[in-house]
Amino acid sequence: MKKTVTSILLIISAAFVFAQSHFSGEAHHDAVTQVNVLSASNSSDYSFISSGDDGFLIKWSEENMGEHYQVSDVGIKIIATSPNGHDIAVYETDGGSVNKVTVWDWNKLSKKYTKKLKDSVTSLSFSEKGNYLIIGTATIDGAIFVKTSDWTTVNKVRENTSIVNFIKTSSTEKTAVMYSPSGTLTYYNILTGKTSAKFNCIQGLSDITMFCNDLFLAGSKDNYIYIIQATTGKTLSTIPCNSPIILSSKEDEALYYIEYDGKNLYELKMVEKINNSTLSNQRIVKGLRGPRGDGVISSGKKRGPEIFLGSRNGNIYKSTALASSETETMEIITENVYDRIYDIAENEDDFFILTKNAISKVDYETGYVIETAQTNGENSFICANGGYVLFSKETRSPVTFVTKDSKPEVLFTPKSSLQNIRLFGDILIEIESSSKVNIYDFNTKTFKEVFSGMGIQDAVICEDGKVYIAKSASTSPNSPLISVDPVTLETLPLKMEGQVMYGLSTNGKIIYGMNLRATDTASTTYVTSYNTAAASKTDILKFAEEDPDAFTYLSGNFLYTNIGKNKIYSYNLPQKKRFAYERTASMPEDICKNSKRVVILNRDGSISWGSESNQNLTADWYLTKDGQWCEF
């Protein structure tokens with residue numbers, strides 16, 4: 001029997017409420033992808049802002065303090081700042097199917113606009129007065145103009161611009177100039193939508209900027225910088241340089257860039273205007289000692305005399321454009337003082353955290369961090385049988401069992417990439433490579449395969465002794481939820497809608513999980529329950545987008561989920577009431593609960609404390625490398 005109770009269906013909004021940022025000098029957790037300037041067009045006050053592959057934006061103050069806020073669960077590749085001084089446009093992508101542009105109001109830490117795209121974004125900019133957000137895409141359609149007053153798409157150019165990777169408007173916003181990597185520089189009258197001028201020029205430029213009141217355009221290609229006369233397309237200068245990073249902003253009369261020697265020496269160089277069609281030879285402003293190897297400088301920006309630089313390992317550096325005959329050392333303004341928490345777990349009334357080399361018990365009232373077991377670099381763990389099951393997802397490393405007083409015991413070794421492990425009583429369920437479900441019995445110390453097939457997402461064991469497996473409906477059996485008898489291996493498809501199910505939790509009788517249902521025009525993610533005895537389903541929560549990484553967590557009468565990615569929802573099952581926990585600086589990744597408190601693991605490796613009764617979080621805790629808590 002299939003049953004849907006629509007009267008309790010609650011629609012989840014994507015809006016951010018109760019968001020707060022985090023202030024520290026901590027570096028990005030991944031490569032810095034871009035550095036930009038955040039400033040109102042009529043103000044001399046400005047801040048540098050950096051983006052990273054960790055999904056964070058960080059606004060940096062003059063005191064080298066960063067205001068951190070995570071806006072994406074995938075990498076940020078391009079950012080653009082509005083002349084209003086607070087709106088930031090972000091291109092986020094996983095390098096595959098996820099391509100999205102969002103606009104954030106930094107003052108309110110709220111999202112104002114979202115646009116999903118089928119293809120990658122090649123450029124992102126605001127018009128000079130901020131009336132338009134202009135998105136360049138890797139399609140024949142090219143540039144998309146979005147009116148920022150109401151965030152509607154408007155047709156400002158009559159012809160397809162094709163692929164463009166640089167777009168800039170005039171100060172009056174009557175003209176837009178676009179560079180195409182096919183080798184054209186085109187001016188459009190965006191009042192009429194017509195082409196006003198088009199020039200052939202050098203092909204394949206990247207890291208493009210205009211300088212000297214938009215008289216010149218510069219870009220790099222194959223260890224050369226090319227400077228083009230912007231009104232003719234003529235190449236005025238070809239400068240050989242090693243791994244250049246162009247720094248100049250639109251206010252600069254000269255072109256500034258950094259060249260790297262492949263060791264630890266950087267040179268700040270400049271090219272000046274002699275007249276409207278002639279440039280000086282490159283000149284060395286000064287030498288700079290800086291990072292090398294995995295920490296090499298990858299992005300930068302100049303504003304006035306200040307230079308702000310980002311590295312591949314997430315650090316931020318500062319320097320100036322003031323000339324010097326002596327080699328200076330870049331000033332590193334970031335530090336890594338926090339010890340990342342990789343996983344959390346509960347055991348009765350105690351909470352435990354996993355760091356790089358240890359499992360520790362943590363207590364909110366005392367603030368103590370008490371080490372209870374040594375680890376070997378694993379990234380996940382479960383409290384089980386008076387000890388801990390340790391494992392590393394997406395590896396073939398052995399799964400071990402360890403206690404405070406014993407050495408690790410190998411339980412089994414995955415034959416392929418380990419996807420996840422779950423504990424139900426004395427039984428571990430293990431999933432490998434989305435294709436196998438195995439069980440390990442602590443009592444008999446036996447390991448057995450119970451199901452093999454493609455598209456496996458998750459699995460639980462219920463009181464009827466059956467293994468319930470969430471999977472893709474496109475694989476056999478053609479249902480997103482199936483049951484398997486672990487003794488006879490009899491497999492039955494269950495009546496469940498949707499393309500895929502995942503993120504399961506259970507009280508032994510009812511299974512809760514995420515259920516994705518898609519049509520040709522839209523995708524919707526549901527939190528759904530399945531009653532194993534009545535063979536009936538109920539939809540509980542709904543998110544009007546695809547959310548493949550959401551989870552459910554069941555504790556007593558409370559069901560928790562991070563559907564929508566941005567916060568965790570608490571749903572009281574008997575009362576059919578829900579609330580959302582406050583959003584911290586980082587997106588939530590996991591949750592644990594005991595009789596007293598709720599602990600949320602955030603993506604930046606911090607934890608947040610709360611209660612089951614209301615949305616307010618008590619504190620955010622970051623663990624320092626010397627084992628102390630830093631509370632916000």
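How many aromatic pairs does the structure hold? The structure, a predicted model, holds 27 aromatic pairs. The points below take up the rings, then the strands, then the charged side chains.

1. Aromatic pairs. F558 and Y560 make a stacked pair, with 25° between the planes and 6.3 Å from centre to centre. Both F558 and Y560 are buried. Elsewhere, one aromatic cluster is formed by F351, Y364, W609, W621 and W629.

2. Charges over rings. R303 lies over the face of Y46, at 4.3 Å from the ring centre. R517 has its charged end over the ring of Y526, 3.9 Å from the centre of that ring.

3. Four strands form an open sheet in the order 29-30-31-33, and their pairing is antiparallel. Strand 29 (297-303) and strand 33 (331-332) are at the edges and have a single partner strand each, so one side of each lacks a neighbour in the sheet. Within this sheet, strand 30 (residues 306-311) pairs with strand 31 (residues 316-320) in the antiparallel sense, over five bridges. L309 has Y317 of strand 31 as its bridge partner.

4. S311. This residue belongs to strand 30. How much relative accessible area does S311 have? The value is 0%, so S311 counts as buried. Its side chain makes a polar contact of 2.5 Å with the side chain of N313. Leaving aside residues up to four places away in sequence, S311 touches A31, V32, G295, V296, I297, S298 and Y317.

5. A hairpin. Strand 36 (residues 358-362) and strand 37 (residues 369-374) are paired in the antiparallel sense over five bridges. S360 has E371 in strand 37 as its bridge partner. Six residues lie between the strands of this hairpin, and G367 takes a positive phi near 75° there.

6. Salt bridge K112 to D87. The structure holds 20 salt bridges. In one of them, the side chains of K112 and D87 meet at 3.0 Å, N to O. K112 is in strand 10 (residues 110-116) and D87 is in strand 8 (residues 87-93), so the pair ties together parts 25 residues apart in sequence. Are the two partners buried or exposed? K112 counts as partly exposed because its relative accessibility is 34%, whereas D87, at 3%, counts as buried.

7. Salt bridge E545 to K116. The side chains of E545 and K116 also meet in a salt bridge, again given N to O, at 3.0 Å. This pair links distant parts of the chain, 429 residues apart: K116 is in strand 10, and E545 is in the loop between strand 53 (536-543) and strand 54 (552-555). E545 has a relative accessibility of 25%, so this residue counts as partly exposed.

8. Salt bridge E409 to K445. The closest N and O atoms of E409 and K445 are 3.6 Å apart in their salt bridge. E409 lies in strand 41 (residues 409-412), while K445 lies in the loop between strand 44 (436-441) and strand 45 (446-452), so the pair ties together parts 36 residues apart in sequence. E409 is partly exposed, with a relative accessible area of 34%. K445 has 51% relative accessibility and therefore counts as exposed.

9. A salt-bridge network. Which residues are linked in a network of salt bridges? They are E128, K168, D214 and K250.

Methods. Residues numbered from 1 in each chain as written. Predicted model: local features only at pLDDT ≥ 70, side-chain atom pairs only at ≥ 80, totals over all residues. Heavy atoms only, no water. Phe/Tyr/Trp six-rings, centres within 6.5 Å; stacked < 30°, edge-to-face > 60°. Buried < 20%, exposed > 50% of the residue type's maximum accessible area, 1.4 Å probe, protein only. Lys NZ or Arg CZ within 6 Å of the ring centre and 35° of its normal. Pairing = 2+ DSSP bridges. Helix = DSSP H or I, 4+ residues; strand = E, 2+ residues; numbered from the N terminus. Polar contact = N/O pair within 3.5 Å; in protein donor to acceptor, adjacent residues only side chain to side chain. Contact = heavy atoms within 4.5 Å. Salt bridge = Lys/Arg side-chain N within 4 Å of Asp/Glu carboxyl O.
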